[in-house]
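Subject: Structure handover and notes

Hello,

Please find the structure below, followed by my notes on it. Read them with the coordinates open.

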Amino acid sequence: MMSWSIAAPAVSAAFLASLVEVVEAFTIVLAVATLRGWRPAVFGAIAALALLAGVVLLLGPLLDRVPIGSLQLAIGVLLLLFGMGWLRKASLRAAGVIRLHDEDAIFAAESTELSKQAQRRQRNLDWAAAVTALKAVLLEGLEVVFIVIAVGAGRGLLLPASLGAVAACAVVLAVGAIIHRPLSRVPENSLKFGVGVMLSAFGVFWTGEGLGIAWPGQDLALLLFAALFLAAGLGGASLARKRSMEFA
Amino acid sequence: MTMLREIAAELIGMFVGETRLTVSTLAIVGAVGSFVNFIGLNPLVGGAALLLGCLGLLVESVLRGARPQGW
């Protein structure tokens with residue numbers, strides 16, 4: 001029987017994290033499509049999705065062979081490192097110490113780079129554009145695959161977590177198809193902050209279970225961990241803002 | 001080849017965003033695992049140490065990031 005106290009955070013973490021990654025990939029694919037047409041952009045994106053599907057098909061069956069304790073420990077530690085890294089960056093962005101992610105600026109930079117390539121060599125330009133799209137989708141997609149596996153594998157929630165990721169793709173593609181420009185109004189740092197909180201909470205939870213710690217309240221402990229990481233992230237951001245102003 | 005290198009760098013970068021935070025987190029996990037499994041520390045105490053240790057590391061890392069280089 002699926003426990004909703006753990007399925008809901010897993011699905012929402014997969015959805016929100018995928019939303020952030022898909023927005024980033026979409027910006028670059030859109031830049032490629034704007035400059036070189038949809039053919040190389042779609043070709044690159046589909047090739048990357050095929051590669052990602054291959055990775056999932058290869059890794060999926062292997063995960064079933066790993067003992068659950070070792071799997072929880074390995075995934076828990078990776079989630080901790082990944083989640084705390086995101087939360088740290090999101091806190092520093094919220095504090096104004098590092099710049100916010102700007103989809104419009106990334107779109108402009110990618111377009112400039114492709115234009116430079118066009119000036120340097122006229123041949124194989126569609127190929128270069130397809131490779132740019134492929135790279136963007138592959139690199140962002142790898143993060144999505146990791147997040148889905150990480151939040152889903154520990155408790156047999158791979159399917160719901162995958163559905164969360166697919167839903168995020170559908171939302172971004174639908175909105176992107178309608179507005180046909182970079183999705184710069186997505187509150188990316190707030191999303192990253194929230195996802196960092198959830199992934200860090202999952203990380204502590206799985207790592208502890210992998211080390212043989214039976215958390216009081218079982219799955220409900222996740223909510224407490226998330227609340228504490230949220231408080232630490234917000235508190236850290238507030239202190240960092242004060243500190244950076246002192247040094248300014 | 002360049003793309004493979006970029007993919008490898010991206011994968012490593014996913015988990016090693018900030019070296020000191022990564023190493024300290026691994027050290028806490030290693031210490032808690034050793035104390036709980038080999039020295040017989042109460043698992044709940046180990047769990048609390050893991051949670052509080054990670055929270056402390058996060059705040060410390062954010063504050064360090066707000067400091068100008070060279071301090």
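This is a predicted model: local features need pLDDT of at least 70, side-chain atom pairs count only at pLDDT 80 or more; totals for chains, interfaces and linings use all residues.

Which residues have the most contacts inside the largest nonpolar core, and how many residues does that core have? The core has 92 residues, and A:A13, A:A14, A:V29 and A:A133 are those with the most contacts inside it. Helix α1 of chain A, residues 4–36, is the element that gives the most to this core, with 19 residues. Leaving aside residues up to four places away in sequence, A:V29 touches A:A41, A:A45, A:A133, A:A136 and A:V137.

Chain A

Chain A has eight helices and zero strands, in the order α-α-α-α-α-α-α-α along the sequence. Its radius of gyration is 20 Å, close to the 18 Å that the globule rule gives for 248 residues, so chain A is as compact as a globular protein of that length. The C-alpha trace of chain A spans about 65 × 55 × 30 Å along its principal axes. Of its 248 residues, 48% count as buried. Among the contacts in chain A with a separation of 6 or more, 86% are between residues 24 or more positions apart.

One residue to look at is A:I149, which lies in helix α5 of chain A. Is A:I149 buried or exposed? It is buried, because 22 other C-beta atoms lie within 10 Å and the cut-off for a buried residue is 20 or more. A:I149 and A:V56 are 93 residues apart along the chain, and their C-alpha atoms are separated by 8.9 Å.

Helix α8 of chain A has 27 residues, which should span 39 Å at 1.5 Å a residue; the end C-alpha atoms are 38 Å apart, which agrees. The buried residues of α8(A) are A:A221, A:L222, A:F225, A:A226, A:F229, A:A232, A:G233, A:G236, A:A237 and A:A240.

The loop between α7 and α8 of chain A holds A:Q218. The phi angle of A:Q218 is near 50 degrees, a positive value in a residue other than glycine. A:Q218 counts as partly exposed, with 13 C-beta neighbours inside 10 Å.

Chain B

The average pLDDT of chain B is 88, and 93% of the residues score at least 70. Chain B has three helices and zero strands, running α-α-α from the N terminus on. Its radius of gyration is 16 Å, well over the 11 Å that the globule rule gives for 71 residues, so chain B is more spread out than a compact globule. The C-alpha trace of chain B spans about 50 × 35 × 15 Å along its principal axes. Of the 71 residues of chain B, 27% count as buried.

Helix α3 of chain B covers residues 43–66, 24 residues in total, and reaches 35 Å from its first C-alpha to its last, close to the 34 Å expected at 1.5 Å a residue. Its buried residues are B:G46, B:G47, B:L50, B:L51, B:C54, B:L55, B:L57, B:L58, B:S61, B:V62, B:G65 and B:A66. An α-helix has 3.6 residues a turn, so residues three or four places apart point the same way. What covers the buried residues of α3(B)? The cover includes α3, α7 and α8 of chain A, together with α2 (19–39) of chain B.

B:L44 is also in helix α3 of chain B, but it counts as partly exposed, with 14 C-beta neighbours inside 10 Å. B:L44 and B:F15 are 29 residues apart in sequence, and 27 Å separates them in space, C-alpha to C-alpha.

The contact between the chains

The contact takes 42 residues from chain A and 34 residues from chain B. On the side of chain A that touches chain B, the elements giving two or more residues are α3 (68–94), α5 (125–153), α7 (188–210) and α8 (221–247). The largest share of that side, 13 residues, comes from α8(A). By type, the residues of the side of chain A that touches chain B divide into 27 nonpolar, 10 polar and five charged.

Regards

How values were computed. Residues are numbered from 1 along each chain as its sequence is written. Chains are lettered from A and ligands numbered from 1 in the order in which they are written. pLDDT is the predictor's confidence in each residue, from 0 to 100. Helices (H or I, at least four residues) and strands (E, at least two) are DSSP runs, numbered from the N terminus. The radius of gyration is taken over C-alpha atoms; the globule rule is 2.2 Å times the number of residues to the power 0.38. A residue is buried if 20 or more other C-beta atoms lie within 10 Å of its own, exposed if 12 or fewer, and partly exposed in between; C-beta atoms are placed from the backbone. Two residues are in contact if their C-beta atoms, placed from the backbone, lie within 7 Å. Ala, Val, Leu, Ile, Met, Phe, Trp, Tyr, Cys and Pro count as nonpolar, Asp, Glu, Lys and Arg as charged, and the others, Gly among them, as polar. The expected span of a helix is 1.5 Å times one less than its number of residues. A nonpolar core is a set of buried Ala, Val, Leu, Ile, Met, Phe, Trp, Tyr and Cys residues joined through C-beta atoms within 7 Å.
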